[in-house]
Amino acid sequence: MRSTETTPAARPLVRLKNVSKKFTRELDLAARLAQKLGVDINEETVHAVNGINLDIHKGEVVGLVGESGCGKSTLGRVVSGLLPASTGEIEFDGETIDSATSRKRPKDLALRIQMIFQDPYASLNPRMRVGEIISEAPRVHRIVPPNELSAYLDKVMEQCGLDPAYKSRYPHQFSGGQRQRIAIARTLAVKADFIVCDEIVSALDVSIQAQILNLLLDLKQELDLTTLFISHDLGVVEHVSDRVAIMYLGRMVEFAPTEMLFSNPQHPYTRSLLEEVPSLDKRNMNYSAIEGEIPSPFDPPPGCQFHPRCPFATAECRTVAPELQVLESGHTFACHHPQGEIAESQ
Amino acid sequence: MTPASQKAVEPTIEIENLKTYFFTRSGVVKSVDGVSYSVAPGEILGIVGESGSGKTVTGMSIMGLIEKPGRIVEGSIRFKGEEIANASERRLRQLRGGAISMVFQDATTALNPVLRVDTQMVETLRAHKKISRREALKAAEKMLARVGIPTPEKRLKSYPHEFSGGMRQRVSIAMALLNDPDLIIADEPTTALDVTVQAQVLLETQKLCREKGTSLIWVTHDLTVVAGLADKVCVMYAGRIVESGSVDDILDNPQHPYTIGLIGSIPSSNTRGRKLQQVEGTTPSLLNIKPGCAFRERCWRATSACQEEPPESSFGPGRTVRCFHPCLEGEKYESAGLNA
């Protein structure tokens, strides 16, 4: 096992450089005709992910948090290679795997990056037996010799807390928690060392969720796994992550080591998110909601995208988009008025 | 108008030994098996349990929404003193959406997608009150404003799909509130929502119960939501209430091993980097469930005594536990053998 302690100078396992993902809604025939006739119609574009820079080190769990529609799942899909990035570069283990010139990944690197999905009822082929689901990829990619495949399958299943005797069953014969274990086993079977977990415990009951989180912790220690953990549940993210990134409307607004982020959040959005997390210690809460809703990503507000909902917003926030600032401690955030200091003194 | 002024002690709803079974081809499913609780005016009761614990079926039983092959086989449901467990369909129609209303988990399916919001709201109002369309529209607009929907006069003309998820859930809450119900049953209404929207919905609901003295039954799997909202809690497991009491009692001093396991399963800042206390195994199928304590196969305190049905022992008002070996006060949970 390699050391999980990474020095900041060490080369990150995954590096995202200014990664963006745009989705464009194509114009229908009438609109295209109108455009040709000189009517001012443009395609609608959504910046689902907008200029993300992120380093993930070996053996680290990075939590990615945000409300629905903030682009966290899209970012996960871009990182795992399910979607090509629109602009920007992704480096994996020092090699550029996704860049402006080539969106194709070398097979051996692609195999090392795997993704686990939210809904274990949809992500497993209902017509394949569990043994086939887990062993198909190692067989096709010749990760283990054919005569050792069966023993390898048993080992992977046991590692994930599944009884190898169940390998000839179908997914529908398993409960949600066990299916999620099958999905984890499937990623481990190809010897992945970087896993993108997209809301993998959201669909599970609390007691089952605890079992899966414990399994992840075991596997992390055993295999030195690196994880991008996407979730909307701040409690879960705080529990599993080493560092946490907060996203809002496709941009990263804050990124810091977990303890720092939860004890000393800088961005007003992070602070209001944290205030609203229900916890066992908060009894008879007087809820104070963040005003308003997430703006439409088709028409994001100018300047800082959080300003229509921010209590500290000033004229500057309405026009100038804040740059990411880095504190000495490695705490990164994008806000003109961290902690509302300036606004309060005005 | 407020029920509290008439008779301070009469609970809005009182359920006693309710049993709702489903008679399926493969056997009897005892979804609700002897559940009792009561909710006073203005009180918020949280019903907590995992999927398949019978928490939703309890709510459905009150509303008279149990369909074949299920039926209420035993027990009584008294709504403001009136027995409604086997009330006629006619009487239930009067109550539903009137004095008792329900908010469902998924507002997308709870609202009719082909009718505008105003049509649905006016219909709800006029089914219970003799008022004109115009008055009904005005009341609907007022209610939308109350649950925090901006420009309600415009939004009334929208179809459900034109609202975002949080807004849609607020519309369905507004509809539940239209006829000034005495009891609202909310079945996981915030589970599908983001934290920020969840906070908004919780805020509105809480305000309402405090101002109007409405009783609320909040069904959820999330103990943390209950902690911030409810006055008292029932923990359900396999169709039974295994523990009940005030929020503080349940969270600070849980006695049933399942409650302890449930609380230990919740990740928080204190558990960072450590393993969670997990409850081994999965929730049992309710089909042909074996007699005795349903939790015994996952319980670290189980003995041969647990093959029998544990009786409900009560200590203090509203504080009950259904276990042969409850963890007594002051006992260290960590050393109790969880996650050994």
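Predicted model: local features only at pLDDT ≥ 70, side-chain atom pairs only at ≥ 80, totals over all residues.

Q: How many helices and strands does chain A have?
A: Helices (H or I, at least four residues) and strands (E, at least two) are DSSP runs, numbered from the N terminus. Chain A comes to 12 helices and 12 strands. Its C-alpha trace spans about 70 × 60 × 40 Å along the principal axes.

Q: What does the radius of gyration say about chain A?
A: This radius is taken over C-alpha atoms, and the globule rule is 2.2 Å times the number of residues to the power 0.38. For chain A the radius of gyration is 22 Å, close to the 20 Å that the rule gives for 346 residues, so chain A is as compact as a globular protein of that length.

Q: In what order do the strands of the open sheet of 8 strands lie?
A: Two strands pair if DSSP finds at least two bridges between them. In chain A the order is E6-E7-E8-E3-E9-E10-E12-E11, with mixed pairing. Strands E6 (113-116) and E11 (325-326) of chain A stand at the edges with a single partner strand each, so one side of each has no neighbour in the sheet. Within this sheet, E3 (residues 61-65) and E8 (residues 226-231) of chain A run parallel and are joined by 5 bridges; Leu64(A) has Ile230(A) in E8(A) as its bridge partner.

Q: Which pairing does the open sheet of 4 strands have?
A: The pairing is antiparallel, and the order in chain A is E2-E1-E4-E5. Here strands E2 (44-56) and E5 (95-98) of chain A are the edges, each with a single partner strand, so one side of each is left without a neighbour. E1 (residues 14-25) of chain A pairs with E2(A) over 9 bridges, and the bridge partner of Thr24(A) in E2(A) is Thr45(A).

Q: How are two packed helices described?
A: They are described by the angle between their axes and the distance between the axes. Axes are lines fitted to C-alpha atoms, for helices over the stretch in contact, and angles run from 0 to 180 degrees between N-to-C directions. Angles under 35 degrees count as roughly parallel, over 145 as roughly antiparallel, 65 to 115 as roughly perpendicular and the rest as oblique. The axes of H5 (residues 149-159) and H6 (residues 176-189) of chain A come within 9 Å and cross at roughly 130°, and H5(A) and H6(A) are therefore oblique to each other. H6(A) and H7 (residues 206-223) of chain A, with axes 9 Å apart, pack at about 20°, and H6(A) and H7(A) are therefore roughly parallel.

Q: Which residues make the contact between H5(A) and H6(A)?
A: Residues are in contact if their C-beta atoms, placed from the backbone, lie within 7 Å. Val156(A), Met157(A) and Gln159(A) in H5(A) meet Ala185(A), Leu188(A) and Ala189(A) in H6(A).

Q: How many residues does each chain give to the contact of chain A with chain B?
A: The contact takes 37 residues from chain B and 36 residues from chain A. On the side of chain B, the largest share, 7 residues, comes from H9(B).

Definitions and conventions:
Residues numbered from 1 in each chain as written. Chains lettered and ligands numbered in written order. Contact = placed C-beta atoms within 7 Å.
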